[in-house]
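Here is a colleague's note for someone opening this entry for the first time. Keep the viewer at hand and follow the points in turn.

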Amino acid sequence: MRRTRIWLVITGLTIALISVIYLQFPQVEKDNVVAEIEIDPSFFHLPTLHYGFPIDSFEVVEGKVKWNQNLSEILSEFNISFQDIHTLAQNAKEVYDVRKLKAGSNYSIILNKDSLRTARQFIFEPSPTEFVVYNLTDTIFAKLEQKPVKVTERMIAAEINSSLYESLLDQGASPVLVHPLVDVFAWQVDFFRIAQGDKFKVIYDEQTVDGKIVGIGDIKAAYFEHWGKPYYAIPYKTNDEVDYFDEEGNSLRKTLLKSPLEYFSRISSRYSLRRFHPVQKRYKAHLGTDYAAPTGTRIRTVGDGVVLEARYHGGNGNYVKIKHNSNYTTQYLHMSKIARGIRPGVSVKQGQTIGYVGSTGLANGPHLCYRFWKNGRQVDALKVDIPSSSGIDESMLSEYRSVADSIRSVLDNIDFQLEETRLAKIPSNEKDNP
Ligand SMILES: [Zn+2]
């Protein structure tokens, strides 16, 4: 169970971090107090740190980069020569190019507390998780630093009344959680057809920097009730990769067939952003994969799904478009004939015949043009990384079941009436570790 080991390490590091923080401050054990003593408050005074700089003896100017504002303009009042800015621009190129100061980003200038107000450091935040220190005294250099990311395990449970996005906001969770959740349940839940009364529960790691949510870490357990059907998602590491499984150990993912044709002579044209079109005699993007095959060859859907479109249209000729889940959609063009019963709204099973190879529309010979969308964007079907769909191996099943059972009971005990996200208390499964 390498996965739980990772959690153990994370928990260990968190405890270590907390202990370090506590050790910084004198602790008074209430039980051992014999007499109240007056302590000089300055004893507790620690230097004020700003991006790690002790700034008590300096002045700090904070601001946001304005549109079209460059570094020399920002530093103009602070006694920095153009020569120094030029040197800085040169020296900092590899670390963070000063010409790329994004408008709206935070910066701080640390100044000498004298009448000249000379800038000592210019500190810039290119993103919420990192900052760049440009040192302007003595040696002129720049360095990129990461801010400490705090990871907190949280849980959230809600019934969806409007949208998943709004439910997350209502619960005080970050809407950023939508993406990993959609990813986990992509094959079970149609996120475009959320029903009234659909419910979910999630235990996840929230990443914050300076108290602001910057991302979502692991999803440690999740439950989704969609159109009255319950689905559990239990993370488990197999073959060095964490994947999500149901309570029986079946993969939550379904795979897609590598090719829409069982037999074909060759791939006659690959996905490319620029190719010479054989019929139109000009260069244009080819956002599909062409399979050369005789007219009448059966075309199969590469995965389970619902037919979105099945009709004749212009250059596409007879074509069928199928939505497999919230992530994947495929399209099959130039069919001689669309298979019987294939029309919008119909459900199809992986491998089912949906039409036959032909040359209708803009085609100079019989072939299938196969197109692939991932998260709404056309991609190369031959290059897209489709996750495998194998379940937990027989030999690991009993170990998996005990992990799954304990995670499931934690999920089952979460109340849907939670008023806000709470700190989760998922039991560790470390005892299962050899
Ligand atoms: Zn094509």
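1. Start at alanine 404. Leaving out residues up to four places away in sequence, alanine 404 touches Ile234 and Glu247. Bear in mind that this is a predicted model.

2. Is alanine 404 buried or exposed? Alanine 404 is buried, because 22 other C-beta atoms lie within 10 Å and the cut-off for a buried residue is 20 or more. Its place is in helix 6.

3. Now take helix 6 as a whole. Helix 6 covers residues 397-412, which is 16 residues. At 1.5 Å a residue it should span 22 Å, and its end C-alpha atoms are 21 Å apart, so the two values agree.

4. Which residues of helix 6 are buried? They are Tyr400, Val403, Ala404, Ile407 and Leu411. Seen down the helix axis, the buried residues fall within an arc of 100 degrees, so they line one face of helix 6. On the other side, Ser398, Ser402, Ser409 and Asp412 are exposed.

5. What do the buried residues of helix 6 pack against? Their partners are strand 9 (199-209), strand 10 (212-226) and strand 11 (229-238).

6. The core comes next. The largest nonpolar core has 37 residues. Phe185, Val202, Ala222, Ala233 and Ile234 touch the most other members. The elements that give two or more residues to this core include helix 6, strand 9, strand 10 and strand 11. Strand 8 (150-159), helix 4 (164-170), helix 5 (178-184) and strand 12 (241-245) are also among them.

7. Setting aside neighbours within four places in sequence, alanine 222 is in contact with Leu181, Val184, Phe200, Lys201, Val202 and Ala233.

8. Two residues deserve a backbone check. Aspartate 210 is not a glycine, yet has a positive phi of about 50 degrees. Aspartate 210 lies in the loop between strand 9 and strand 10. With 10 C-beta neighbours inside 10 Å, aspartate 210 counts as exposed.

9. Histidine 334 lies in strand 20 (residues 328-335). With 25 C-beta neighbours inside 10 Å, histidine 334 counts as buried.

10. Turn to the hairpin. Strand 14 and strand 15 form a hairpin with four residues between them. Lysine 281, in the turn, has a positive phi of about 55 degrees. Strand 14 (residues 272-277) and strand 15 (residues 282-286) run antiparallel and are joined by four bridges. Histidine 277 stands opposite arginine 282 in strand 15.

11. How many of the six residues of strand 14 are buried? The count is zero, and strand 14 is hardly covered.

12. The order is 17-23-21, with antiparallel pairing. Strand 17 (298-300) and strand 21 (337-338) stand at the edges, each with a single partner strand, so one side of each is left without a neighbour in the sheet. Strand 21 pairs with strand 23 (residues 353-356) over two bridges. Lysine 337 stands opposite tyrosine 356 in strand 23.

13. For the whole chain, the count is six helices and 26 strands. Of the 434 residues, 28% are buried. Among contacts between residues at least 6 apart in sequence, 63% join residues at least 24 apart.

14. Last, confidence. The mean pLDDT of the chain is 84, and 85% of its residues reach 70 or more. Over residues 20-43 the pLDDT is below 50, and that stretch has two contacts in the model beyond near neighbours in sequence. The pLDDT also stays under 50 over residues 428-434, where the model has 16 contacts beyond four places in sequence. Where pLDDT is low, the predicted coordinates should not be read in detail.

Methods
Residues numbered from 1 in each chain as written. Predicted model: local features only at pLDDT ≥ 70, side-chain atom pairs only at ≥ 80, totals over all residues. Expected span 1.5 Å × (residues − 1). Buried ≥ 20, exposed ≤ 12 C-beta atoms within 10 Å, placed from the backbone. Arc of directions from axis to C-beta. Contact = placed C-beta atoms within 7 Å. Pairing = 2+ DSSP bridges. pLDDT = per-residue confidence, 0-100. Core = buried A, V, L, I, M, F, W, Y, C linked by C-beta atoms within 7 Å.
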